[in-house]
Each structure stands twice: as structure tokens, then as C-alpha cells.
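Me: I am new to this structure. Please take me through it in short questions and answers.

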Amino acid sequence: MNNFIYEIPTKVYFGEKQLQKNLSEEVKKCGSKVLLVYGGGSIKKNGLYQEIMEELEDPEIEVYEFSGIEPNPRHTAVNEAVAICKEKDIDVILAVGGGSVIDSCKATAAGKYYDGDIWDFAEKKAEIKKALPIIAILTLASTGSEMYTNSVISNLDLHEKKGIKSTLLRPKVSFLDPTLTYSVNQYQTACGSFDILSHIMETYFAREDGLHMLDTIMEGLMRTVIKYAPIAYHEPDNYEARANLMWASSWALNGFVRIDKQPNTWACHPIEHELSAFYDITHGLGLAILTPRYLRYALSEDTVDRYYQFGVNVWNIDANLPKMEVAEKSIECLEKLFYQDLKLTDHLTDLNINEEHFEEMADRVCVNGVVKSFIDLDKGDVVKILKECL
């Protein structure tokens with residue numbers, strides 16, 4: 001295992017009615033001018049917008065708004081939000097939504113102190129040296145962005161989706177109220193659940209041994225998603241299910257389970273980012289289609305031990321079965337849960353995606369020659385995995 005330094009400075013208010021009084025006080029700790037950022041307007045339909053505005057009705061607080069953030073958030077929208085931050089001299093950004101909104105706000109926070117296009121950060125042409133503080137109100141359990149340092153934004157002109165990373169971008173405060181996810185539909189619940197699971201699995205399936213303690217925590221987190229995703233899918237206002245998914249989402253990606261595996265590179269995420277960049281599909285769905293194919297591609301006598309542990313400890317498969325059989329059954333369990341029980345499609349062709357851009361996608365994924373993940377993947381490997389998803 002590797003040495004590590006671990007720190008999570010995000011303050012979390014978890015549970016119902018935590019916005020009351022706490023929101024305005026946390027905003028004022030950061031400044032007086034707040035930019036409220038949200039998506040398509042669902043927060044106005046469900047009453048959350050009104051609740052937020054009532055909490056921010058304070059003579060010491062000025063509220064400005066930016067709405068319309070889309071899934072796979074666009075760098076153009078971020079540039080527009082940055083312009084408001086500069087014009088109004090914003091002190092703090094209030095992100096209300098899921099990962100797309102929070103990621104947009106992270107990029108906006110960095111852009112406040114940069115004179116160029118926000119995409120320069122994604123291209124690594126500029127370094128983040130300062131950022132506005134971010135307060136998040138989470139409405140979708142999925143990406144874990146509410147406690148994480150990264151932001152992922154899209155440039156549709158270039159068909160590119162890239163990450164921006166800095167510890168300065170981690171939200172200062174996050175409000176996690178499970179009741180705010182009651183209105184999330186079945187499709188987004190399923191996609192979000194797979195996104196959570198993928199964050200854990202791509203850490204769990206690592207080439208080097210790690211802390212046994214962290215393995216057991218990851219296995220518990222995965223069992224949590226497996227148990228509660230179907231409940232939330234069928235009972236959208238089940239507080240226990242929504243709460244468990246929400247907290248699992250945060251802990252899947254706040255750095256804790258990855259602390260001794262930092263040198264590892266994920267494989268499915270960068271491949272899926274290419275699918276989203278070209279076809280603007282839902283991130284969690286792309287991962288759900290890719291991951292079982294990737295797992296089968298990576299399965300061998302050299303890697304089977306990890307699958308065996310996954311099958312026995314996460315899916316409760318009979319430990320007396322041959323290791324390779326346990327491995328195959330574990331992948332089948334994953335497919336059954338998301339393709340049959342949660343009704344996600346299992347083929348890219350259902351999304352009108354063909355192999356037209358696979359070579360270009362693979363070139364981008366393997367820009368350094370090889371992706372060193374659970375197994376090494378070169379361009380040919382990536383193309384083969386994508387073709388298996390058709």
C-alpha cells in the first residue's frame with residue numbers, strides 16, 4: 001500500500017430541514033454576494049427555490065441567479081456564469097442540483113479569478129490558483145461532487161469532456177437532505193446508482209493490494225447501493241433508501257476509499273467520457289453499459305481473485321464454487337440488477353450509437369499510449385470493449 005495524507009474540509013448538514021437558519025449563516029461566513037446556480041427549473045416546481053430564497057432573505061445577503069445548467073455541463077454556460085461573478089463581484093456560489101450543477105459551479109469558482117476561457121483549465125493551459133467558496137444543496141445522489149475536488153465539463157464544439165481538479169474546488173459546505181431526491185425519476189435513480197457503484201468498483205478493482213479495512217468498507221458501500229437502489233426505484237419517497245444512496249454517493253468519491261490507491265487510473269470513466277462527449281448521453285447509463293463488458297475483458301487467471309472476493313463478499317455467491325464461476329456469476333448479478341431490475345438498456349445501439357467514432361475515442365483515451373488501470377488497455381483494447389457494447 002502507499003503512504004497518504006487525508007483531509008476532507010467539507011462541512012455536511014445531513015437530513016431534513018437542515019437549510020433552516022443554517023443556510024444563511026453559512027453563506028454569510030463566505031460573503032454577502034451569492035450566485036444561485038441551478039438547472040432546468042425543477043427546484044421552482046417542487047418548492048425548493050422558494051425555501052432557499054426565504055432562507056436568503058437577509059439584509060446582509062444579495063442574491064443573483066444563473067439557471068439552465070444541463071447534464072454533461074457545457075463550458076459555454078460556465079463562461080457565462082463566470083462573467084456574472086466578475087460583473088457582480090460575487091463572493092460565494094450556491095450550487096443547487098446534482099453533479100452537473102455542482103461541477104459547473106466548481107469551474108465557475110475557478111474562472112472568477114482567471115481572464116481566459118474556462119476550457120483552458122481542462123486543457124491544462126492554466127493553473128487554478130484561487131477559487132470562490134462553494135456551498136452545495138444536493139438534489140440527486142450520483143456523482144459525489146458534493147464532497148470531491150474534481151469538476152467535469154464538456155466542450156461540445158470539440159466533442160470533448162474533461163476534468164478540472166484542485167483542492168480549492170471542494171465545496172465548503174454541503175446540504176444533504178434525502179427528501180430532496182424524492183422527485184428523482186426511476187431512470188435517473190438507476191443511472192445515479194450505477195454512477196455511485198462505478199466510483200467504488202473502479203477503486204476496488206485495482207492492480208495492487210490495499211488496506212483490508214478499506215476493502216471491507218467498499219464492499220459495504222457496494223452492498224448498500226445494491227440493496228437500496230431497487231427500493232428507491234420502486235418507492236421514490238422511501239427516506240431510508242434515499243438517505244443510504246445519498247450518503248454512499250458522498251463516501252464513494254470523497255477520497256476516503258481511494259487513499260491507498262491514488263496511482264491507479266480508472267478505465268471505464270475515461271471511456272464513458274468519450275461517449276458522453278460525442279453523443280451527450282447520461283453518464284451513469286454509459287457506465288452501466290460499459291462496466292460489465294470491461295469486467296469480462298479484464299477477467300483472467302491473473303485477475304480472478306479480485307472477482308472472487310467481489311462475488312463472495314458483495315453478491316453473497318457460494319464461496320465453494322470455482323473462482324472463475326464465481327467471477328462470471330458476479331458480473332451476471334450486476335447485469336441483472338441494472339438491466340433487468342432497474343430497466344437500463346444494455347446496448348449502445350439502443351442509443352443510436354455505432355462504431356463510427358470508436359477509433360477516435362480510443363485515441364483520446366490512450367493519448368499516452370496505455371491506460372494503466374486494473375489491466376493495461378491500449379487503443380485496440382478500448383475499441384474491442386466499445387464494440388462489445390453495441
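Me: Which residues in α7 meet which residues in α9?

Reply: This is a predicted model, where local features need pLDDT of at least 70, side-chain atom pairs count only at pLDDT 80 or more, and totals for chains, interfaces and linings use all residues. Residues are numbered from 1 along each chain as its sequence is written, and side-chain values use heavy atoms, with hydrogens and water left out. Contact means heavy atoms within 4.5 Å. By that test, Thr 189, Ser 193, Ile 196, His 199 and Ile 200 in α7 meet Arg 242, Leu 245, Ala 248, Ser 249 and Ala 252 in α9.

Me: At what angle do helix α7 and helix α9 pack?

Reply: Axes are lines fitted to C-alpha atoms, for helices over the stretch in contact, and angles run from 0 to 180 degrees between N-to-C directions. Helix α7 covers residues 186–204 and helix α9 covers residues 239–252. Their axes lie 9 Å apart, and the angle is about 40°.

Me: How many helices and strands does the protein chain have?

Reply: Helices (H or I, at least four residues) and strands (E, at least two) are DSSP runs, numbered from the N terminus. The protein chain comes to 15 helices and 10 strands.

Me: What percentage of the 390 residues is buried?

Reply: Buried means under 20% relative accessible area, exposed over 50%, and partly exposed in between (1.4 Å probe, protein chains only). In the protein chain, the buried share of the 390 residues is 57%.

Me: What does the C-alpha trace span along its principal axes?

Reply: The trace belongs to the protein chain. Its span is about 70 × 45 × 45 Å.

Me: What share of contacts with a separation of 6 or more joins residues 24 or more positions apart?

Reply: The count covers contacts in the protein chain with a separation of 6 or more. Residues 24 or more positions apart account for 77%.
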